[in-house]
Amino acid sequence: MDLETKIRVLRVVEGTSVDGPGLRTSIYFAGCRHHCPGCHNPQSWAMDGGDEMSLAALLAIVERNEAPVTLSGGDPLAHPAAMLALTRAIKQHMGYNIWCYTGYTWERIMATDELRRVMDYVDVVVDGPFILAERDEGLLFRGSRNQRLIDVAASLHASAPRLLDLDSSL
Ligand code: SF4
């Protein structure tokens, strides 16, 4: 994919500590097809929301911040081709740690080629829909108990989901 390709972005937050360990560059993409009851941000669902930005412009912001990256939304995996291009460029050219929040479960990602390919460049996936009955405000970096912090490399190696050891990654 051409890095001049445009993608719709709700906002970019530079130096945030709420979407993963450390100070991170968080990019929130417009569009989500999961429509979870109780979603904290239903305005993020529209695929034509936010503003158009090029992948090159997003990369420039990431590079300027020299920080790990979180991709969120909406659901960033609603744009698998753009996510593949963006995560590959970040990982190959800058090497930053990448977290990805998605409403897809790990199992669904593994069963879907275009989603699975993105995982080659992602370090941690926070997976699954927000489930209101499972809501727990005491959880770190996620909203409901069904959602998992998945160590992508370990899970790919084991061919099964492996949870992140958060203590050793802080
Ligand atoms: S996946 Fe996230 S953004 Fe999408 S509806 Fe569910 S809670 Fe909202």
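Trainee: Where is His35 found?

Mentor: In this predicted model, His35 is found in the loop between β2 and β3, the latter strand covering residues 51-54.

Trainee: Which residues surround the ligand?

Mentor: A ligand shell is read as a list of residues, and then by class. Here the ligand is surrounded by Cys32, His34, His35, Cys36, Cys39, Ser44, Trp45, Gly74, Gly103 and Phe130. By class, this shell has five nonpolar residues, five polar residues and no charged ones. The space that the ligand takes is the largest pocket.

Trainee: Gly74 belongs to that shell. Where is Gly74 found, and what is the form of the peptide bond from Gly73 to Gly74?

Mentor: Gly74 is found in the loop between β4 and α2. For the form of a peptide bond one consults omega: from Gly73 to Gly74 omega is near 15 degrees, and the bond is cis.

Trainee: How many residues has helix α2, and what does it reach from its first C-alpha to its last?

Mentor: Helix α2 comprises residues 80-93, which is 14 residues. It reaches 20 Å from first C-alpha to last, close to the 20 Å expected at 1.5 Å a residue. Just after α2, Gly95 takes a positive phi of about 75 degrees.

Trainee: Which residues of α2 are buried, and what covers them?

Mentor: The general idea comes first. An α-helix has 3.6 residues a turn, so residues three or four places apart point the same way. In α2 the buried residues are Pro80, Ala82, Met83, Leu84, Ala85, Leu86, Thr87, Ala89 and Ile90. Their cover includes the strands β1 (6-16), β2 (24-29), β4 (69-73) and β5 (98-101), together with the helices α1 (55-65) and α4 (113-116).

Trainee: Where does Pro68 lie, and which residues does it touch?

Mentor: Pro68 is found in the loop between α1 and β4. Leaving aside residues up to four places away in sequence, Pro68 touches Leu23, Arg24, Thr25, Tyr96 and Asn97. Its relative accessibility is 21%, so Pro68 counts as partly exposed. Pro68 and Val152 are 84 residues apart in sequence and 16 Å apart in space, C-alpha to C-alpha.

Trainee: Are Pro21 and Asn41 buried or exposed?

Mentor: Pro21, in the loop between β1 and β2, has 12% relative accessibility and so counts as buried. Asn41, in the loop between β2 and β3, counts as buried because its relative accessibility is 17%.

Trainee: What separates the C-alpha atoms of Pro21 and Gln43, and those of Asn41 and Tyr28?

Mentor: Sequence separation and spatial separation are stated side by side. Pro21 and Gln43 are 22 residues apart along the chain, with 26 Å between their C-alpha atoms. Asn41 and Tyr28 are 13 residues apart along the chain, and their C-alpha atoms are separated by 11 Å.

Definitions and conventions:
Residues are numbered from 1 along each chain as its sequence is written. This is a predicted model: local features need pLDDT of at least 70, side-chain atom pairs count only at pLDDT 80 or more; totals for chains, interfaces and linings use all residues. Side-chain values use heavy atoms; hydrogens and water are left out. Helices (H or I, at least four residues) and strands (E, at least two) are DSSP runs, numbered from the N terminus. The expected span of a helix is 1.5 Å times one less than its number of residues. Buried means under 20% relative accessible area, exposed over 50%, partly exposed in between (1.4 Å probe, protein chains only). Contact means heavy atoms within 4.5 Å. A residue is near a molecule or strand if one of its heavy atoms lies within 4 Å of it. On a 1 Å grid over the protein atoms alone, a cavity is a set of points where a 1.4 Å probe fits but cannot get out, and a pocket is an open set with protein on both sides within 12 Å along at least five of seven lines; lining residues have an atom within 4 Å of a point. A molecule sits in a cavity or pocket if more than half of its atoms lie within 2 Å of its grid points. Ala, Val, Leu, Ile, Met, Phe, Trp, Tyr, Cys and Pro count as nonpolar, Asp, Glu, Lys and Arg as charged, and the others, Gly among them, as polar.
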